[in-house]
Amino acid sequence: MAVPVVATGTYCEAVTDTPPPLKELVRESTGTSVRRVGRFIQLALIGAGRAAGDVPANTAIYLGSGRGDLDAMAEALETICVEKQAPRPLLFINTVSNAACFYVARTLELQAASHFVSSRHFALESALQSALVDMRCGAVDSALLGIVDVVAGTAAEHAQRVGLAAGQAVAEASHWLQLQRDPGARPVLGTVDAVEFFGDRAQAQERLEKLARNGGTFFAPGQYLGSEAADWSRRLALDIWRSEPAGHFDSRAAGVLCDFLERGSGCLLHLNRDPRGRYAAVVVSR
């Protein structure tokens with residue numbers, strides 16, 4: 001069962017020094033102002049607000065991230081370990097990344113369930129699979145799915161914290177999809193056709209070679225494929241979909257899918273892997 005995508009909402013900007021203020025963008029995206037919330041929540045609100053046109057009140061939220069609210073966690077740990085003080089109550093609460101789901105639901109006046117999924121290498125794939133399972137079994141009719149990655153501290157501090165090479169560009173990102181089981185008369189941007197996980201390369205290869213036989217399919221190598229990307233491209237014999245990021249963020253897969261749904265044509269096969277040799281594939285059509 002292909003699930004229709006009726007809207008996307010994106011924010012992705014490079015951070016060259018100190019991350020810029022976001023509250024005005026939150027107001028522009030959602031129509032409301034926020035106080036006393038951190039960058040991760042603000043990023044979630046920006047992307048969700050941009051994807052939330054005509055969103056029904058019974059829409060469920062599926063929020064994923066490679067590292068969660070790293071900014072709030074870093075501030076809380078600095079307060080505890082360096083300043084030897086207890087963190088502010090609201091800061092401590094917001095270290096639980098599901099707090100962002102609450103702010104999105106309250107701001108957009110959504111009344112269904114919310115879910116937060118953290119996965120370093122498969123954030124998009126894991127959150128999207130959760131949403132599709134619920135929608136295909138009829139438990140959810142409408143879903144707002146987002147993937148958020150935040151820069152904690154300055155760009156140099158963040159790069160060091162997440163293990164990047166000195167001087168490597170970093171970015172903050174918030175990419176969202178509005179999914180509808182039955183969109184009715186609403187225009188459809190495209191469909192999510194499949195999300196599949198594989199325990200090893202042999203399993204992935206057998207399945208993906210079958211998927212690649214469809215005409216008009218592009219191949220998007222995930223950021224964690226590394227040196228395997230060229231080999232997969234040759235083996236699947238598909239044209240490469242080019243989508244240049246503003247800088248490093250953990251969940252580039254979400255940006256690639258949104259980019260294809262906004263300007264692509266045909267079918268996109270995105271493939272990623274984790275350090276244990278497991279693979280995840282997403283197929284979308286437009």
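Colleague: What's the handedness of the crossing of α8 and α9?

Modeller: In this predicted model, the crossing of α8 and α9 is right-handed. The axes of α8, residues 201-211, and α9, residues 228-236, come within 11 Å and cross at roughly 35 degrees.

Colleague: Which residues make the contact?

Modeller: On the α8 side the contact is made by R201, A204, Q205, L208 and E209, and on the α9 side by E228, D231, W232, R235 and L236.

Colleague: And how do the residues of that contact divide into nonpolar, polar and charged?

Modeller: Five of the residues in the contact of α8 with α9 are charged, four are nonpolar and one is polar.

Colleague: Changing topic, is helix α5 enclosed or open, and why?

Modeller: Helix α5, residues 99-108, is largely enclosed by the rest of the structure, because eight of its 10 residues are buried. The buried ones are A99, A100, C101, Y103, V104, A105, T107 and L108.

Colleague: What follows α5?

Modeller: The helix α5 is followed by E109, whose phi is positive, near 60 degrees. As background, most residues other than glycine have a negative phi.

Colleague: Where does R36 lie, and what is its phi?

Modeller: R36 sits in the loop between α1 (23-30) and α2 (39-51), and although R36 is not a glycine, its phi is positive, at about 60 degrees. With a relative accessible area of 59%, R36 is exposed.

Colleague: What about D54, then: buried or exposed?

Modeller: D54 counts as exposed, its relative accessibility being 69%. D54 is found in the loop between α2 and β2 (60-65), and it has a positive phi of about 60 degrees although it is not a glycine.

Colleague: Stepping back, how many helices and strands are there in the protein?

Modeller: The protein has 10 helices and 10 strands. Its radius of gyration is 19 Å, close to the 19 Å that the globule rule gives for 286 residues, so the protein is as compact as a globular protein of that length. Along the principal axes, the C-alpha trace spans about 60 × 45 × 30 Å.

Colleague: How much of the protein is buried, and what is its accessible surface?

Modeller: Buried residues account for 55% of the 286 residues, while the accessible surface of the protein comes to about 12800 Å², with 49% of that surface belonging to carbon and sulfur atoms.

Colleague: Last one: what share of the contacts between residues at least 6 apart join residues at least 24 apart?

Modeller: Among those contacts in the protein, counted between residues at least 6 apart in sequence, 74% join residues at least 24 apart.

Technical notes. Residues are numbered from 1 along each chain as its sequence is written. This is a predicted model: local features need pLDDT of at least 70, side-chain atom pairs count only at pLDDT 80 or more; totals for chains, interfaces and linings use all residues. Side-chain values use heavy atoms; hydrogens and water are left out. Axes are lines fitted to C-alpha atoms, for helices over the stretch in contact, and angles run from 0 to 180 degrees between N-to-C directions. Helices (H or I, at least four residues) and strands (E, at least two) are DSSP runs, numbered from the N terminus. A crossing is left-handed if the near helix is turned anticlockwise from the far one by less than a right angle, and right-handed if clockwise. Contact means heavy atoms within 4.5 Å. Ala, Val, Leu, Ile, Met, Phe, Trp, Tyr, Cys and Pro count as nonpolar, Asp, Glu, Lys and Arg as charged, and the others, Gly among them, as polar. The radius of gyration is taken over C-alpha atoms; the globule rule is 2.2 Å times the number of residues to the power 0.38. Buried means under 20% relative accessible area, exposed over 50%, partly exposed in between (1.4 Å probe, protein chains only). Accessible areas come from the Shrake-Rupley method with a 1.4 Å probe; for residues, only the protein chains shown count as cover.
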